Every structure is written in C-alpha cells, then in structure tokens.
Amino acid sequence: GAPVEIDISKIEAGQMLTAEWRGKPIWVVNRTDQQVKDLKSLDGMMADPNSEVDHQPENCKNGTRSIKPNVLVAIGICTHLGCSPTYRPDIAPADLGADWKGGFFCPCHGSKFDIAGRVYSGVPAPTNLVVPPHKYLNDTTILVG
Ligand code: FES
C-alpha cells in the first residue's frame, strides 16, 4: 500500500485521530504533557517497559515510543487476536482505578495498553502495540509508510 499523509494540526491535547494505512487503523494521539510525564511511573506494570520486542521503527526507540514526545502514532490493532482496542483517556478499566493514566482497552479479552501502546503485564496480548514506520513532512504532517 502507498504511504499515507496525516494532518495532525487539529488534534487537541489528549485527543486521538484515526487514519488508515494498508487497511489498518492508524492512531495518532496528541498526548498531554502530564501523560508523557506519567509514562515512566508505569514501567513497573508493563510487560515490556523498554519495548525490547522490536515493534517500533528506529526513530521511535525511546521512552515515549515516538518521534515527538507528545505524539503517539500506533497501529490500532490488539497484538492478541486483532481486535481494535478503544481509546480510554480518562475512564480506567475496572481493576485499575486511580492508577490509570490513560491508554487503550481491548474489549475482546481485556488487554490493557498505556498511552505509549505498551502492554500491561498479565493480560492476553503478548506484546506492545506496533508503531508503524513514519516521519514528519513538516510540523503538522506525518507520512506513514
Ligand atoms: Fe485484544 Fe484478545 S484481541 S485482548
């Protein structure tokens, strides 16, 4: 499939936009500064906190799994059996409560991911969400693919 351009200029802080690339949903989240700050504090609950499984391109091998700290780009497909998780910026899954700092919840079998797409320990999904190859064409345009 051809690369796809995504205009990210209209995504408010804390909001997510969904685009499509190769028939797959591509999520772009404009993470808040607080969400970026909280990532480190979640490491202990993550199955692969440092994303050692190779599910991100070279330019996203860092603590935020992204090129710009605030902007997450991820393929919106659960790494368990391929359902599409729901974006849960505020409402925690039942077992997490105040520890929830925003992320994604898969309704199929309950997998949880943080706002960097890192999978929580003890859920069916085996790995972090996949970050697709992408780059910035300018400040507000991403090219995926
Ligand atoms: Fe997401 Fe099973 S497909 S938890």
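## Basis of the model

Helices and strands are DSSP runs, numbered from the N terminus, with helices being H or I over at least four residues and strands being E over at least two. By this rule Thr141 is found in strand β9, which covers residues 141-144.

This is a predicted model, in which local features need pLDDT of at least 70 and side-chain atom pairs count only at pLDDT 80 or more, while totals for chains, interfaces and linings use all residues. Residues are numbered from 1 along each chain as its sequence is written, and side-chain values use heavy atoms, with hydrogens and water left out.

## The sheet of β5, β6 and β7

Three strands form an open sheet, and their order is β5-β6-β7. The pairing is antiparallel; two strands pair if DSSP finds at least two bridges between them. The edges are taken by β5 (86-88) and β7 (112-114), each with a single partner strand, so one side of each has no neighbour in the sheet. On average, neighbouring strands of this sheet are turned by 30° against each other, direction ignored. For such angles, axes are lines fitted to C-alpha atoms, for helices over the stretch in contact, and angles run from 0 to 180 degrees between N-to-C directions.

Strand β6 (residues 103-105) runs antiparallel to β7, and three bridges join the two. Phe105 has Lys112 in β7 as its bridge partner.

## The disulfide and other cysteines

A disulfide is a covalent bond between the sulfur atoms of two cysteines. Here a disulfide is counted when a pair of cysteine sulfur atoms lies within 2.5 Å, and the structure holds one. This bond joins Cys83 to Cys108, with an S to S distance of 1.9 Å. Cys83 lies in the loop between β4 and β5, and Cys108 in the loop between β6 and β7, so the pair ties together parts that are 25 residues apart in sequence. The torsion about the S-S bond of Cys83 and Cys108 is about -90°, so the disulfide is left-handed.

Cys83 is partly exposed at 22%, and Cys108 is partly exposed at 37%.

## Salt bridges

A salt bridge is a side-chain nitrogen of Lys or Arg within 4 Å of a carboxyl oxygen of Asp or Glu. The structure holds seven of them. One is between Lys40 and Asp43, where the closest N and O atoms are 2.7 Å apart. Lys40 is exposed, with a relative accessible area of 61%, whereas Asp43 is buried at 16%. Asp43 also meets Arg118 in a salt bridge, at 2.6 Å from N to O. Asp43 lies in the loop between α1 and β4 and Arg118 in the loop between β7 and β8 (134-138), so this pair ties together parts that are 75 residues apart in sequence. Both Asp43 and Arg118 are buried.

Another salt bridge brings together the side chains of Lys112 and Asp95, at 2.5 Å from N to O. Lys112 lies in strand β7 and Asp95 in the loop between β5 and β6, so the pair ties together parts that are 17 residues apart in sequence. Lys112, the bridge partner of Phe105, is buried at 8%, while Asp95 is exposed at 57%. Salt bridges that share partners join Lys40, Asp43, Asp114 and Arg118 into one network.

Pro69 is placed in the loop between α1 (33-38) and β4 (71-75). With 43% relative accessibility, Pro69 counts as partly exposed. Contact means heavy atoms within 4.5 Å. Leaving aside residues up to four places away in sequence, Pro69 touches Arg31, Val36 and Thr64. Ala13 is 56 residues from Pro69 along the chain, and the C-alpha atoms of the two are separated by 13 Å.

Thr141, in strand β9, is buried, with a relative accessible area of 13%. Not counting residues up to four places away in sequence, Thr141 touches Glu5, Ile6, Lys135 and Tyr136.

Terms used: Buried < 20%, exposed > 50% of the residue type's maximum accessible area, 1.4 Å probe, protein only.
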